[in-house]
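Take a look at the model first, then read on.

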Amino acid sequence: TSCPSLDECGMEKSLRQTYCVQSSGGEQWVTLALFSEVRNASKLRSDATRGAASAAMLDPTLLTSPFHVLVAVNKAVVQKEQLQTKTKNIYSEIIYNLSQSTNISSAFKKFAIKDTSENVLLVILHSSRDGHEVSNVVCTVEGTEVNVDSISSFCDTEAIAKEYQISVCEREISGLENSVVTRIVARDIV
């Protein structure tokens with residue numbers, strides 16, 4: 001048997017997912033970390049609002065999968081490169097890009113962590129694959145880290161369908177995730 005890979009907080013790294021985001025400026029890395037039974041959501045939200053958090057802190061209720069989040073991350077990275085962001089920083093741009101609406105405050109109300117959130121998904125951008133910066137953010141969460149692959153168990157499919165205006169027929173043909181991703185990608189085009 002092998003011991004799990006732990007970070008400086010003693011949390012198991014294997015529960016997280018790290019991806020490479022290619023850009024003209026080189027590689028960037030993004031790590032997703034999912035928590036349940038979060039006891040300090042109000043403080044996390046306050047830190048994020050003040051810009052003191054080096055992560056997008058999301059309520060996973062309206063998130064279908066890691067891919068759903070990665071589409072918003074990729075879009076934010078490209079927009080930052082092209083100097084076409086609509087918000088203050090890359091993390092707020094990720095939250096904004098999860099919404100099909102162009103209303104920034106609406107996107108934050110729906111997708112960002114709330115004072116009452118019991119679950120949170122951290123989206124952390126970093127410059128190296130080892131992601132030593134990740135531990136600093138993860139250590140601020142008082143909760144139980146769970147496997148990012150379980151994000152679908154935290155989502156409310158009916159609320160997602162309502163938010164993105166996805167009909168039952170469309171869900172049956174395209175699937176919920178495909179319909180959501182299409183709306184995120186097409187928002188600025190339509």
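## Around strand β4

In β4, Ala56 has Val123 as its bridge partner. This is a predicted model, so to speak plainly: local features need pLDDT of at least 70, side-chain atom pairs count only at pLDDT 80 or more, and totals for chains, interfaces and linings use all residues. Residues are numbered from 1 along each chain as its sequence is written, and side-chain values use heavy atoms, with hydrogens and water left out.

| Partner of β4 | Sense | Bridges |
|---|---|---|
| β2 (residues 26–36) | antiparallel | seven |
| β3 (residues 56–58) | antiparallel | three |

Seven of the seven residues of β4 (residues 120–126) are buried, meaning under 20% relative accessible area with a 1.4 Å probe, protein chains only. Val120, Leu122, Ile124 and His126 point one way, Leu121, Val123 and Leu125 the other. In a regular strand, side chains alternate between the two faces of the sheet.

Val123 has contacts (heavy atoms within 4.5 Å) with residues including Val30, Ala56, Val73 and Ile94, leaving out those up to four places away in sequence.

Over on helix α4 (residues 104–111), the buried residues are Ser106, Ala107 and Phe111. They span an arc of only 105 degrees around the axis, so they sit on the same side of α4; the arc is taken from the directions from the helix axis to the C-beta atoms. Those buried residues pack against β3, α3 (90–97) and α6 (157–163).

Notes:
Buried < 20%, exposed > 50% of the residue type's maximum accessible area, 1.4 Å probe, protein only. Helix = DSSP H or I, 4+ residues; strand = E, 2+ residues; numbered from the N terminus. Pairing = 2+ DSSP bridges.
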